[in-house]
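Have the sequence and the 3D view side by side as you read.

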Amino acid sequence: MESRPLRYFVAVAEELNFARAAERLGISAPPLSRAIRNLEAELGVTLFERTTHSVALTPAGTVLLAEARTALDALHAAGRRAQRAAEPKLVLAVKADGDGGLLESILARYAAEPEAEPVTIRLSGWRDQPNLLRRGEADAALIYEPFDRTGLDAEPVTVESRLAALPAGHPLTAHDRVALADLGLPRTEHDAQGCLARQLDAIVDRYAIQDLAQLLKLVELGDIVTLLPESVCARYPRPGVEYREVPDAPPATLSIAWPQQSRSRATAALVRTATSVGGAHG
């Protein structure tokens with residue numbers, strides 16, 4: 001199966017409108033319709049339910065959409081890695097406040113490794129690192145759990161406590177320790193990290209937060225309370241924000257992730273270095 005029919009299929013599946021998909025692809029609607037019919041004939045399944053007023057994915061189409069996106073991402077990533085192979089270097093994706101305070105130590109020790117390559121730091125936004133890895137735009141990433149591991153491998157680097165970030169003067173700041181229930185935050189035994197991650201993602205989406213400074217400003221204003229890794233709290237003190245221990249909060253796990261298909265010795269050396277540095281600081 002060629003990549004072009006898959007690209008055409010994904011465009012129609014995402015737009016659910018042949019005219020809009022054709023405009024997005026820069027072609028006219030008739031050849032797009034023919035390409036989709038040919039793809040359905042090749043696969044022997046119906047991908048779309050079509051009426052005069054609507055287009056909807058069939059169950060087979062829903063399955064193909066997920067697989068097609070993965071295949072096209074892998075193809076794009078292969079091209080990016082081939083282009084970057086001409087100038088050996090290692091791209092490490094890191095959120096500006098998401099390295100556990102270990103980035104400098106990791107880079108310094110990595111530079112002494114025999115298989116080390118020059119490292120370029122790719123500063124990323126909230127939860128961008130997995131997609132950068134899958135698209136071939138980064139070779140490794142430092143990222144807090146949990147995250148979408150599709151197509152990725154990972155190893156834990158360090159584990160640290162989470163602290164509550166509260167506005168100065170909040171009633172809970174009268175206590176040295178607070179509980180998740182006091183904060184109105186979810187607590188489940190089977191997926192505690194996931195619940196807290198979803199709660200934080202909801203805050204990020206609701207307020208269109210781009211960075212930690214914006215998040216802490218919302219805390220300072222009294223709009224939200226949240227939990228942050230202890231290393232973040234130590235490096236970002238603010239007059240209007242107070243931090244408190246939360247004994248029943250799950251720990252924050254910082255991991256290093258890389259594409260499953262990677263065979264780079266330089267990347268493997270970076271992973272070994274990161275886990276070694278993290279273990280020494282744990």
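## Helix 1

Helix 1 has 13 residues and reaches 18 Å from its first C-alpha to its last, close to the 18 Å expected at 1.5 Å a residue (1.5 Å times one less than the number of residues). Helices here are DSSP runs of H or I with at least four residues, numbered from the N terminus. This is a predicted model, in which local features need pLDDT of at least 70, side-chain atom pairs count only at pLDDT 80 or more, and totals for chains, interfaces and linings use all residues. Residues are numbered from 1 along each chain as its sequence is written, and side-chain values use heavy atoms, leaving out hydrogens and water.

Buried residues in helix 1 include Leu6, Val10, Ala11 and Ala13 (buried means under 20% relative accessible area, 1.4 Å probe, protein chains only). Tyr8, Phe9 and Val12 are buried too. After helix 1 comes Leu16, with a positive phi near 50 degrees.

## Helix 1 against helix 3

Helix 1 (residues 3-15) packs on helix 3 (residues 29-43) at about 110 degrees, with the axes 10 Å apart. Axes are lines fitted to C-alpha atoms over the stretch in contact, and angles run from 0 to 180 degrees between N-to-C directions. Helix 1 is therefore roughly perpendicular to helix 3 (65 to 115 degrees).

Pro5, Tyr8, Phe9 and Val12 in helix 1 meet Leu32, Ala35, Ile36 and Leu39 in helix 3 (heavy atoms within 4.5 Å).

How values were computed
Helices (H or I, at least four residues) and strands (E, at least two) are DSSP runs, numbered from the N terminus. Angles under 35 degrees count as roughly parallel, over 145 as roughly antiparallel, 65 to 115 as roughly perpendicular and the rest as oblique. Buried means under 20% relative accessible area, exposed over 50%, partly exposed in between (1.4 Å probe, protein chains only).
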